Amino acid sequence: MTTPPNVKREQYKTLLKQLDLLLINSVDEIANSANFCALIKQTFDFHWVGIYRVFKEELMLGTFQGPVACVRIPFGQGVCGSAWQQEKTIIVDNVNEYPGHIACSASSQSEIVIPIFKYKEPSHSLDGNKSKAVIAVLDIDADILNAFDSVDSYYLEQSVELLSRYL
Ligand code: SME
C-alpha cells in the first residue's frame, strides 16, 4: 500500500532530523553511509536501499540494506548508470517497462535513483564558480509499483546532500 503524501512528508522530516544526529564527522565514510542506508530502510521498509560509488569508469556496489545485488554498473547503463550520466534523479514507476533495467531481484517493481554530488572549490582564485561531480548514487527499490513520487525525490535529494558532506 502506498503511504499518503502527508504521512510520507512527516516521515522524511523526521528522517532528516535523525540523519543530522546520526552522521558524524569523526568516523569514516563507510560507517556514515552504512547507517544512512539502514535508517532509510528502517523508516520505510523499502525492498533495497544502497549506494553505488563512482570507481574508475563505473559504479561499484557500496553499503546497502537488502538482498545481494550486482556489483558493477557501467556509465549510462541501467537506472543507476543513467542517473549518473544525466546527473539527475530518475523515478521508474515500473522497472519491467524500463529499457535496460538491471534486474538484481525479481521482487523489485519500482525504483528511484538520486545522484550524490561533491562540490569542489575553484582551483583558480578568479574562477568563482564551484564545480560539481557525481561521486555516487543512492538506489532505492520497492516491491510495489509506483512507490516513488516528487515527495521522495524532494526529501531524498536533501538527504544525500547531507550525506555528501561526510563522503
Ligand atoms: N536497479 C538498478 C541495478 C541495481 S539493483 O536494483 C540493486 C539499475 O537498473 O540501475
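A residue counts as buried when its relative accessible area is under 20%. By that cut-off Cys 80 is buried, with a relative accessible area of 3%. The structure discussed here is a predicted model. Its chain has four helices and six strands. The radius of gyration is 16 Å, close to the 15 Å that the globule rule gives for 167 residues, so the chain is as compact as a globular protein of that length.

**Overall build**

- Along the sequence, the elements run α-α-β-β-β-α-β-β-β-α.
- Taken along the principal axes, the C-alpha atoms fill a box of roughly 50 × 35 × 25 Å.
- Of the 167 residues in the chain, 43% are buried.
- Among contacts with a separation of 6 or more, 57% join residues 24 or more positions apart.

**Surface and charge**

- The accessible surface of the chain is about 9,100 Å².
- Carbon and sulfur atoms account for 51% of that surface.
- The chain carries 14 positive and 20 negative charges.

**Cysteines**

- The structure holds zero disulfides.
- A disulfide is a covalent bond between the sulfur atoms of two cysteines.
- For a pair to count as a disulfide here, the two sulfur atoms must lie within 2.5 Å.
- The closest cysteine sulfur to that of Cys 70 is in Cys 104, at 3.0 Å, which is too far for a bond.
- Cys 70 is partly exposed, with a relative accessible area of 21%.
- For the sulfur of Cys 80, the closest cysteine sulfur is in Cys 70, at 7.4 Å, and this is also too far for a bond.

**Helix α3**

- Helix α3 spans residues 78–86 and is mostly covered.
- Seven of its nine residues are buried.
- The buried residues of α3 are Gly 78, Val 79, Cys 80, Gly 81, Ser 82, Ala 83 and Trp 84.
- Their cover includes strands β1, β2 (58–65), β3 (72–74), β4 (90–92), β5 (110–120) and β6.
- Just after α3, Glu 87 takes a positive phi of about 55 degrees.

**Val 137 in strand β6**

- Val 137 lies in strand β6.
- At 0% relative accessibility, Val 137 is buried.
- Val 137 and Leu 162 are 25 residues apart along the chain, and their C-alpha atoms are separated by 13 Å.

**Positive phi in loops**

- Asp 45 lies in the loop between α2 (29–44) and β1 (48–55).
- Phi of Asp 45 is near 55 degrees, a positive value in a residue other than glycine.
- Asp 45 is exposed, with a relative accessible area of 61%.
- Asn 146 sits in the loop between β6 (131–142) and α4 (150–164).
- Phi of Asn 146 is positive, near 55 degrees, and this residue is not a glycine.
- At 45% relative accessibility, Asn 146 is partly exposed.

Notes:
Residues are numbered from 1 along each chain as its sequence is written. This is a predicted model: local features need pLDDT of at least 70, side-chain atom pairs count only at pLDDT 80 or more; totals for chains, interfaces and linings use all residues. Side-chain values use heavy atoms; hydrogens and water are left out. Helices (H or I, at least four residues) and strands (E, at least two) are DSSP runs, numbered from the N terminus. The radius of gyration is taken over C-alpha atoms; the globule rule is 2.2 Å times the number of residues to the power 0.38. Buried means under 20% relative accessible area, exposed over 50%, partly exposed in between (1.4 Å probe, protein chains only). Contact means heavy atoms within 4.5 Å. Accessible areas come from the Shrake-Rupley method with a 1.4 Å probe; for residues, only the protein chains shown count as cover. Lys and Arg count as positive and Asp and Glu as negative; His and the chain ends are not counted. The place of a charge is taken as NZ of Lys, CZ of Arg, CG of Asp or CD of Glu.
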